Each structure stands twice: as C-alpha cells, then as structure tokens.
Amino acid sequence: MSNISTSGTPMAASPLTRAVLEIDEYAATLGWDQPARLFALVDTAKLRAQEPQLAAQLGLDSTDSGAATLTPVEQDEVPAGTPLDEFLGTIAWPDAVAGCALAVERLMLPPSAEAAVPQGMSEKQLADWVAKHPDRQEVRMTVAVLRDGARESAVRLREKDSAGEVLTGADLVPGLAEALAATFVE
C-alpha cells in the first residue's frame with residue numbers, strides 16, 4: 001500500500017477529481033506498460049482520526065485543514081491474466097473506504113475507425129485487430145467512483161504524455177465506472 005503525493009493538481013477541483021489526477025500523476029511516474037492498479041479512496045480526515053499510525057506511515061500526519069480530501073491507497077496487485085471484470089466482481093470494500101479507483105492501460109481506436117471493426121470476432125481476435133490498426137492509440141485510463149455515486153475519470157494518451165494533456169470528465173469511461181461502482185453494491 002502506498003500513498004500518492006501530488007504536485008500540480010488544481011486546488012479548485014473536487015476532492016474526487018484531485019484524487020484521480022493524483023493517481024494519474026503517480027502512474028505516470030511509473031512509466032508505460034504497467035499492470036492495472038487498484039486504489040481504495042479514504043477520507044483523509046477520518047483516516048488521521050481513526051488510524052493515526054497508518055496516516056503517519058502514509059505521510060498524512062500534518063493537520064493542515066482545507067477542503068475535504070481523499071487519500072488514494074494502492075491495493076495489492078491486480079492478478080495478471082485475470083479478466084478485469086472477473087477480478088472486480090470479487091471485491092468488497094470495508095465501510096471505511098469512501099470510494100475506489102483503477103488505473104489501466106488500453107488500446108483505443110478513434111471514432112472514425114470504429115465503423116471498420118469486423119463483426120463476429122472473439123475478444124482475442126478483436127484485441128489483435130485493434131493492436132495492428134494504424135490509428136490505434138495507447139491510453140491510460142484512471143477511473144474513480146465514490147459510494148454516493150460520484151464518478152471521475154482521467155485519460156492520458158501515450159503520444160501526448162504530459163500532465164497538461166490529461167482529459168478529465170465524469171463520463172469518459174462509463175463501463176469501467178459501472179464495474180467499479182458495482183464493488184460497493186451489497
């Protein structure tokens with residue numbers, strides 16, 4: 001488990017947007033071609049009050065107050081070779097977790113290329129077809145959801161790999177947001 005520090009996240013952003021950008025920035029420091037990374041999002045003030053030793057270990061022992069903040073805490077590695085939807089279906093979060101986030105790399109096609117996708121292919125055949133397509137884009141998607149239903153996403157293109165080029169929005173990756181939200185359904 002590790003805490004993520006931020007340096008250039010806009011302070012006017014919501015706590016969830018700030019957490020997503022922190023995770024995106026952290027993932028960027030690790031480089032590309034990384035496995036998916038899962039994070040619990042915890043309320044920073046509650047973490048300091050209820051788990052001061054853990055908060056200190058994560059570098060959160062200062063009592064600087066301000067807007068409500070969320071602390072991303074990286075979880076154990078997502079098992080390689082396990083489909084992401086199957087893995088997410090095994091997760092149940094304790095009450096202390098306010099939300100969760102996932103950073104994952106994928107190949108995407110621009111909308112202009114999607115019309116040319118051959119029908120009737122298996123997932124593996126489709127993945128191979130996309131991987132060979134000349135207009136494919138490598139992206140890192142960071143998606144977060146809170147128990148209350150709030151969502152946020154950040155998408156970074158490998159070819160425009162800078163913090164200033166990260167696209168954010170609540171509905172950028174709706175399928176992944178739904179899968180993450182399902183981890184909170186009892």
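Biologist: What lies over the face of Trp32?
Modeller: Arg140 does, at 4.1 Å from the ring centre. Keep in mind that this is a predicted model.

Biologist: OK, and cavities? How many of 30 Å³ or more turn up in the whole structure?
Modeller: One. There's about 60 Å³ of space in the largest cavity, and Arg140 is one of the residues lining it.

Biologist: Which other residues line the largest cavity?
Modeller: Ala27, Leu30, Gly31, Gln34, Pro35, Ala36, Arg37, Ala103, Val104 and Glu105.

Biologist: Which element gives the most to that lining?
Modeller: S3, with three residues. H1 and S3 each supply at least two.

Biologist: And by class, what does the lining of the largest cavity have?
Modeller: Six nonpolar, two polar and three charged residues.

Biologist: Switching to backbone. What's the phi of Asp33?
Modeller: Positive, about 65 degrees, although Asp33 isn't a glycine. You'll find Asp33 in the loop between H1 and S1.

Biologist: Is Asp33 buried or exposed?
Modeller: Exposed, because its relative accessibility is 56% and the cut-off for exposed is over 50%.

Biologist: Now aromatics. How many aromatic pairs does the structure hold?
Modeller: Two. One of them is Tyr26 with Phe39, an edge-to-face pair at 6.1 Å centre to centre, with 85 degrees between the planes.

Biologist: Where in the chain do Tyr26 and Phe39 sit?
Modeller: Tyr26 is in helix H1, residues 15-30, and Phe39 is in strand S1, residues 37-43. They're 13 residues apart, and the pair links distant parts of the chain.

Biologist: Are those two buried or exposed?
Modeller: Tyr26 is buried, with a relative accessible area of 18%, and Phe39 also counts as buried, at 1%. The cut-off for buried is under 20%.

Biologist: And the pair of Trp93 and Phe184, why is that one stacked?
Modeller: The planes of Trp93 and Phe184 are at 20 degrees, so the pair is stacked; planes under 30 degrees apart count that way. Their ring centres are 6.2 Å apart.

Biologist: Which parts does the Trp93 and Phe184 pair tie together?
Modeller: Trp93 lies in the loop between helix H4 (84-88) and strand S3 (97-108), while Phe184 lies in the segment after helix H7 (174-181). So the pair ties together parts that are 91 residues apart in sequence.

Conventions. Residues are numbered from 1 along each chain as its sequence is written. This is a predicted model: local features need pLDDT of at least 70, side-chain atom pairs count only at pLDDT 80 or more; totals for chains, interfaces and linings use all residues. Side-chain values use heavy atoms; hydrogens and water are left out. Rings of Phe, Tyr and Trp (its six-membered ring) pair if their centres lie within 6.5 Å; planes under 30 degrees apart count as stacked, over 60 as edge-to-face and the rest as tilted. Helices (H or I, at least four residues) and strands (E, at least two) are DSSP runs, numbered from the N terminus. Buried means under 20% relative accessible area, exposed over 50%, partly exposed in between (1.4 Å probe, protein chains only). A charge sits over a ring if NZ of Lys or CZ of Arg is within 6 Å of the ring centre and within 35 degrees of the ring normal. On a 1 Å grid over the protein atoms alone, a cavity is a set of points where a 1.4 Å probe fits but cannot get out, and a pocket is an open set with protein on both sides within 12 Å along at least five of seven lines; lining residues have an atom within 4 Å of a point. Grid points are joined across faces, edges and corners, and a volume is the space filled by probe spheres set on the points. Ala, Val, Leu, Ile, Met, Phe, Trp, Tyr, Cys and Pro count as nonpolar, Asp, Glu, Lys and Arg as charged, and the others, Gly among them, as polar.
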